[in-house]
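Here is a short tour for anyone meeting this protein for the first time. Take a look at the sequence and the structure, then read on.

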Amino acid sequence: MAARSKIVAGILDVLDEMADMISALRCDFDGMKEYVDDMDDDLCELEESFMMHQDHNVVETECPNCGEELFFESVLLDDDDVIEITCPSCNEVIYINDGSFDFDFDLDPDELETLEREGH
Ligand SMILES: [Zn+2]
């Protein structure tokens with residue numbers, strides 16, 4: 001083989017290797033892109049759920065049975081469907097939005113207890 005052909009063959013080898021490297025990099029890049037897209041989706045979901053919780057007034061109350069602190073969204077109270085809120089700790093029903101409970105959740109639990117004791 002002439003010296004020139006050897007050089008050309010060497011260059012072709014290098015080009016070949018570079019092509020392999022580039023396609024490997026491309027694979028990495030595609031994988032990375034997928035990963036970033038997934039992360040972007042996750043972030044969107046997080047942001048949505050965060051915004052949702054910001055919009056909705058979260059009600060804080062206390063289980064009258066076991067004293068467990070309870071949090072739920074105030075929109076639940078206005079839902080058209082009948083919703084039961086149960087205490088995750090003792091399973092006591094805290095609230096049913098069928099009118100049988102007449103809590104004013106704007107009051108803090110201590111005030112609520114006082115009012116109930118006074119018979120209002
Ligand atoms: Zn409870």
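Does Gly 67 count as buried or exposed, and why? Gly 67 counts as exposed because it has 12 C-beta neighbours inside 10 Å. The cut-offs go like this: a residue is buried if 20 or more other C-beta atoms lie within 10 Å of its own, exposed if 12 or fewer, and partly exposed in between, with C-beta atoms placed from the backbone.

## What kind of model this is

This is a predicted model, where local features need pLDDT of at least 70, side-chain atom pairs count only at pLDDT 80 or more, and totals for chains, interfaces and linings use all residues. Residues are numbered from 1 along each chain as its sequence is written.

The score called pLDDT is the predictor's confidence in each residue, from 0 to 100. The protein averages a pLDDT of 80, and 78% of its residues score at least 70. Confidence is highest in helix 1 (residues 3-55), with a mean of 88, and lowest in helix 2 (residues 109-118), with a mean of 55.

## The overall layout

You'll find two helices and four strands here. Starting at the N terminus, the order is α-β-β-β-β-α. Both kinds of element are DSSP runs numbered from the N terminus: helices are H or I with at least four residues, strands are E with at least two.

Of the protein's 120 residues, 3% count as buried. As for contacts (C-beta atoms, placed from the backbone, within 7 Å), take those with a separation of 6 or more: 28% of them join residues 24 or more positions apart.

Strand 1 (58-62) and strand 2 (69-73) have Gly 67 in the loop between them. The two strands run antiparallel and are joined by five bridges; strands pair if DSSP finds at least two bridges between them. Glu 60 has Phe 71 as its bridge partner in strand 2, while Val 59 stands opposite Phe 72.

Strand 3 (residues 84-86) pairs with strand 4 (residues 93-96) over three bridges, in the antiparallel sense. Thr 86 has Val 93 as its bridge partner.

Most residues other than glycine have a negative phi. Asn 91 counts as exposed, because it has 11 C-beta neighbours inside 10 Å.

Gly 67 and Cys 90 lie 23 residues apart in sequence, and their C-alpha atoms are 9.6 Å apart in space.

Conventions. Two residues are in contact if their C-beta atoms, placed from the backbone, lie within 7 Å.
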